[in-house]
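Notebook open, viewer running. I want to jot down what I look up here, one item at a time.

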Amino acid sequence: MAAEETAFETFGEATEVAPVVSSFNEWDPLEEVIIGSALGAVRSPYEAAMSPFVPPDDAARRFAGEGYAEEEVARAQEQLDGLAQLLADRGVVVRRPDPIDHDCRVATPDFECAMGHAQTCPRDVLLVVGEEIIEAPMAQRSRYFESRAYRALLKEYFAAGARWTAAPKATMADELYVPGYETVSAPYDFASHPSLTEFEICFDAASFARMGRDIFWQPDIVSNALGGEWLRRHLGRDFRVHQIEFTDPHPHHIDATFVPLRPGLALTNPERPAKHDGFDLFIENGWELVDAAPSSRPRRSASVEEPSNWISMNILSLDERTVVVEEAEQPFAELLRSLDFEVLTCPFDAVYRFGGSFHCCSLDVRRRGTLDSYFPSLDD
């Protein structure tokens, strides 16, 4: 009993110092970050969660999964390491997940999947809100155990005083997925034909954009209304969770559609306008909304591995005036410079097929700032 009390007191003392986990938005000065890894990654087999990208008669529905070529992994890892070094050179503490070999069967009593995915994108798996890290209940079966790669880090942060929560894990039973889903060309109303049911709570962490007390999310192919409602109830009165929808036939995460840069300034996607006056709250609170520049690498196909035309928007902010942009995205970099940003460039194109760009492949664990409201009209 005495040993247990001593251990508990040790944890309690850790919470009295500066929090090891603390991040309320996308722009406060970055102090600690997790950067993903391509080691052990595989091309996930087809599963129900991927059906929005694959027509019913497409051969891709029979894809059983496969490993990446060694040179692909090596090049992606080199670029991830380059990002880690760039941030370390700027004084940011950089952490990395444990290498996990995903070339193995994923199975529970409710489903089986031939192999896993990767630990390239911590932003998808983990959501940091203040001093809490939340494990997301993701929609892809191949990613069911992906949080294992971060387990050692999560235990360390918890021991140092952080709050660690796992949202209710979805069973990923067949009832979660809309049967017979097929790709549809725009114009298309995703809200009337979602790919997920409300069978159980489900969301990716990257479906949410944090702006202090206000957190915005869009229903997408990996997040349902129950997921948004769970987060709203879990966070309680300190935070306001808003649903915002965009005109997008296959919405998938918010960070290539709507990107807050600093208080009062956000990037929008001109091809995916907000629906139902979704930007009214921003306009009435004096925010400047600027159309982003599309990627210099236009999308060539609808493959789930092919980067979006708007991968350029998937940037990482170091503070209110400093951002990291892929080195080939010069039109986008010039746009940001015109908005008074220092733009740091870094090669990252080899990472795209492993899951995304800078925002996807990072998780800001600690930013120097406090919980504030950036929407005065909501504070009355």
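Which side chain does a polar contact of 2.6 Å join to that of Asp 364? I looked it up, and the partner is Arg 123. For the record, a polar contact is a pair of N or O atoms within 3.5 Å; within protein, one must be able to donate a hydrogen and the other to accept it, and residues adjacent in sequence count only if both atoms are side-chain atoms.

Before going on, a note on the source: this is a predicted model, where local features need pLDDT of at least 70 and side-chain atom pairs count only at pLDDT 80 or more, while totals for chains, interfaces and linings use all residues. Residues are numbered from 1 along each chain as its sequence is written, and side-chain values use heavy atoms, with hydrogens and water left out.

**Entry: Asp 364**

I stayed on Asp 364 and found a polar contact of 2.7 Å from its side chain to that of Arg 367. Asp 364 sits in strand β19, residues 362–367. (Helices, H or I of at least four residues, and strands, E of at least two, are DSSP runs numbered from the N terminus.) Is Asp 364 buried or exposed? It counts as buried, because its relative accessibility is 0%; the cut-offs are under 20% relative accessible area for buried, over 50% for exposed and partly exposed in between, with a 1.4 Å probe and protein chains only. Leaving aside neighbours within four places in sequence, I listed its contacts (heavy atoms within 4.5 Å); among them are Ser 23, Asn 25, Glu 32, Val 128 and Arg 210.

**Entry: the sheet with β19**

Next I looked at where β19 belongs. It is part of an open sheet of 3 strands, ordered β4-β1-β19, with mixed pairing; strands pair if DSSP finds at least two bridges between them. β4 (93–95) and β19 are at the edges with a single partner strand each, so one side of each has no neighbour in the sheet. From one strand to the next, the twist averages 20°. β1 (residues 30–35) and β19 are antiparallel, with 5 bridges, and Leu 30 has Arg 367 as its bridge partner in β19. Helix α2 (residues 70–89) packs on this sheet, touches β1 and β4, and makes about 165° with the direction of β1. Axes here are lines fitted to C-alpha atoms, for helices over the stretch in contact, and angles run from 0 to 180 degrees between N-to-C directions.

β7 pairs with β8 (residues 132–135) in the antiparallel sense over 4 bridges; I noted Glu 132 in β8 as the bridge partner of Val 129.

Which residues of α5 are buried? I get Gly 227, Gly 228, Trp 230, Leu 231 and Leu 235. They are on the same side of α5, because they cover an arc of only 160° around the axis, taken from the directions from the helix axis to the C-beta atoms. Their cover includes β10 (208–211) and β12 (240–243).
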